[in-house]
Amino acid sequence: MTQRTLVLLKPDTVRRGLIGEIIGRIERKAGWTISALELRSLDQETLEQHYGEHKGKPFYEPLVDFMSSGPVVALVVEGERVIEGVRALAGPTDPIAAAPGSIRGDFGTIVRENLIHASDSEESAERELKIFFPGVV
Ligand code: RTP
Ligand code: MG
């Protein structure tokens with residue numbers, strides 16, 4: 001089942017020079033393709049759309065501050081079961097609970113600064129791709 005997903009390499013990834021490391025892991029999965037890629041700074045409106053489901057939660061404001069603290073790399077990745085697949089490469093939200101070998105497990109310690117976002121379902125992917133790459137979908 002070929003799918004498309006939205007991936008964001010968060011500002012901690014860019015600051016720490018881990019873009020290549022993380023993109024390399026995605027690229028090495030058989031048959032997956034990066035079909036769009038952009039380094040960009042996210043404004044409040046974009047973040048509100050993207051993380052709207054978390055509005056009102058205690059971590060929302062610090063999350064938005066963090067996500068606008070520096071540029072992110074936004075990517076569209078296409079391929080076999082890529083939605084579930086990139087989530088598996090990333091590991092669970094809390095990097096301390098994430099297994100070594102996963103991106104968050106290998107590089108993260110702080111829940112907020114967990115390196116990568118990946119769409120969590122087909123519906124989320126469709127919604128998020130429209131926000132970040134309106135020309136692509
Ligand atoms: P994401 O949406 O970024 O791919 O991450 P996720 O699905 O694994 O986690 P989610 O529950 O959607 O949370 C979104 C992001 O908010 C930050 N967060 N901080 N308790 C906290 O301090 C807390 N909880 C979540 C993380 O950056 C998380 O990825
Ligand atoms: Mg999420």
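Select Leu115 first: in this predicted model, Leu115 is found in the loop between helix H6 (103–107) and strand S4. Its backbone has a positive phi of about 75°, although Leu115 is not a glycine. Is Leu115 buried or exposed? Leu115 is buried, because 26 other C-beta atoms lie within 10 Å, and 20 or more are enough for that class.

Before moving on, colour the chain by confidence. The mean pLDDT is 97, and 99% of the residues reach 70 or more. The model scores ipTM 0.96 and pTM 0.97.

**The ligand**

Display ligand 1 next, together with the residues around it. These are His54, Phe59, Leu63, Thr93, Val111, Arg112, Asn114, His117, Ala118 and Asp120.

Select strands S1 to S4. They form an open sheet of four strands in the order S2-S3-S1-S4, with antiparallel pairing. At the edges are strand S2 (33–40) and strand S4 (116–118), each of which pairs on one side only. Viewed from one strand to the next, the twist averages 20°.

How many bridges join S1 to S3? Eight bridges join these two strands, which run antiparallel. To follow individual partners, select Leu6, whose bridge partner in S3 is Val76. Then select Arg4, which has Glu78 as its bridge partner in S3. In a regular strand, side chains alternate between the two faces of the sheet.

Follow the chain out of S3 to Arg81, which lies in the loop between S3 and helix H5 (82–90). Arg81 is not a glycine, yet it has a positive phi of about 45°. Its C-beta has 14 C-beta neighbours inside 10 Å, and Arg81 therefore counts as partly exposed.

Why does Ser121 count as exposed? Ser121 has 12 C-beta neighbours inside 10 Å, and a residue is exposed if it has 12 or fewer. For a distance across the model, select Asp65 as well: Ser121 and Asp65 are 56 residues apart along the chain, and their C-alpha atoms are separated by 25 Å.

Step forward to Glu122, which is in helix H7 (residues 122–132). Glu122 has 13 C-beta neighbours inside 10 Å and so counts as partly exposed. Which residues does Glu122 touch, not counting those up to four places away in sequence? The contacts are Gln3 and Ile83. Glu122 and Ile83 are 39 residues apart along the chain, but their C-alpha atoms are separated by 7.2 Å.

**Back to the sheet**

To finish, show the sheet and H7 together. The sheet has the strand order S2-S3-S1-S4. H7 packs on this sheet, touching S1 and S3, and the direction of H7 makes about 55° with that of S1.

Technical notes:
Residues are numbered from 1 along each chain as its sequence is written. Chains are lettered from A and ligands numbered from 1 in the order in which they are written. This is a predicted model: local features need pLDDT of at least 70, side-chain atom pairs count only at pLDDT 80 or more; totals for chains, interfaces and linings use all residues. Two residues are in contact if their C-beta atoms, placed from the backbone, lie within 7 Å. A residue is near a molecule or strand if its C-beta atom, placed from the backbone, lies within 6 Å of it. pLDDT is the predictor's confidence in each residue, from 0 to 100. Two strands pair if DSSP finds at least two bridges between them. Axes are lines fitted to C-alpha atoms, for helices over the stretch in contact, and angles run from 0 to 180 degrees between N-to-C directions.
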